[in-house]
Amino acid sequence: MTDFKTLLQQRRLSATHPRTSVPRPYETLAVLGGGAWGTALAIVAARAGCQVRLWLRDSARAAEIARTRRNTARLGDIPIPPGVIPTADFAAALDGAAAALLVTPSATVREMARRIAAHPAPHVPLFVSAKGIEAGTGLMMSAVAEEEAPGRVIGVISGPTFALETAAGHPTAATIACTAGADVPPYLRPGARMAASLTCDSFRPYVSDDMAGVEVGGAVKNVIAIACGMLAGAGFGENTRAALITRGLDEMKELAVCLGGRRETVTGLSGMGDLMLTCSSPQSRNFRYGFARGAGRSDADAFDGAPVLVEGRHNAVTVTDLARRLHLHMPICEMVRAVVADGRPIGEAFAGFWAAPIQAEPRALDLAFPHPAEAEVTRRFEALLP
């Protein structure tokens, strides 16, 4: 049996041994979207040694960022490295780029993918950072991009990442998923090359070939975060949040597997990691929105009247529409939909979830019986929650 000292020496040798199969980074990246996360990814890529074109819709903002080397509206005083070139010229951002990152809201992915497809560079792989499911079609963001840019390599980037912390250099990890290149060694595949393009002292990517599992995590976690915020805003504590996170993770797993993903992916960064982050911090717009609603504030007044994009409000409908189509029961997501889309009182919606029949945690046990205190649960939460 190999002793611990020998194992340690072997690991040290492995860590220092020169590798010949290191992925080759993309030298020039186009980052399409100059919001907080787009700018943060551009900063990360520049730190990793890439030349970056950061595209923004607003030419005045692009000029200001070029002059001040700051995106103050999104990231405050964090400096933007010289390797990032802001531009409002879409063609100029893509010209000469070896790969592109699409970092715009989910509602704009179809339009953006169509614009990218019109650019004469079909070899440029596209990695989508938007999280969600398209209304009406039930498609994940990668599938939307594939419809509009057929034949192009598509990947996704997801994980527990607040833009401000990423840009500030806090140690951050994310998952890059791409199925292209299955016929070549792993280090030559587009997902590995993008990982190499973003790896720096503060940003650590992991590579996956399970795009369905990665994307489901990103879409569902925003909905669960609203649920956690609502119950926290109503005055409940960590027990309640832990229950919602854990059962919400189970809803993620069921949807991912139904779409061809793997349960193990949902327990990784893009699933459990992102879920924990989004459900536990006031930095999350979805959590803050839910908290405001749970505290009795109206939908319009959740952010003091400010026009804040809360992806989870949209996702609550698109996720449950897809689940219903697939005959999946996602009770926490349905609870959030009942509040944000159907106008049900939070207490009534939560009571419906909490008083549901008791089930076994392992599905194989095949056990279910009525909640013995259903009437008391309904009275309690309808009275307590606004």
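**Salt bridges, parallel strands and buried helices**

The side chains of Arg247 and Asp250 form a salt bridge, with an N to O distance of 3.4 Å; a salt bridge is a side-chain nitrogen of Lys or Arg within 4 Å of a carboxyl oxygen of Asp or Glu. The model is predicted, so local features need pLDDT of at least 70 and side-chain atom pairs count only at pLDDT 80 or more, while totals for chains, interfaces and linings use all residues. Residues are numbered from 1 along each chain as its sequence is written, and side-chain values use heavy atoms, with hydrogens and water left out.

Arg247 and Asp250 both belong to helix H11, 3 residues apart, about one turn of the helix. Helices (H or I, at least four residues) and strands (E, at least two) are DSSP runs, numbered from the N terminus. An α-helix has 3.6 residues a turn, so residues three or four places apart point the same way. Arg247 is partly exposed because its relative accessibility is 27%, whereas Asp250, at 13%, counts as buried. Here buried means under 20% relative accessible area, exposed over 50%, and partly exposed in between (1.4 Å probe, protein chains only). A salt bridge also links Arg263 to Glu254 (3.1 Å, N to O). Through shared partners, salt bridges join Arg247, Asp250, Glu254, Arg263, Glu361 and Arg363 into one network.

The whole structure contains 23 salt bridges. Another of these pairs Arg70 with Asp77, whose closest N and O atoms are 3.0 Å apart. Arg70 is partly exposed, with a relative accessible area of 23%, and Asp77 is exposed, with 58%.

Strand E1 (residues 28–32) runs parallel to strand E2 (residues 51–55), and 5 bridges join the two. Two strands pair if DSSP finds at least two bridges between them. Strand E2 is in turn joined by 4 bridges to strand E3 (residues 84–87), also in parallel. Trp55 of E2 stands opposite Leu32 and opposite Thr87 in E3.

In helix H9 (residues 190–198), 8 of the 9 residues are buried, so H9 is largely enclosed by the rest of the structure. Among them are Arg193, Met194 and Leu198. Helix H17 (residues 346–354) also has buried residues, including Ile346, Phe350 and Phe353. The cover over the buried residues of H17 includes helix H10 (211–233), helix H14 (285–294) and helix H18 (374–384), by contact, that is, heavy atoms within 4.5 Å.
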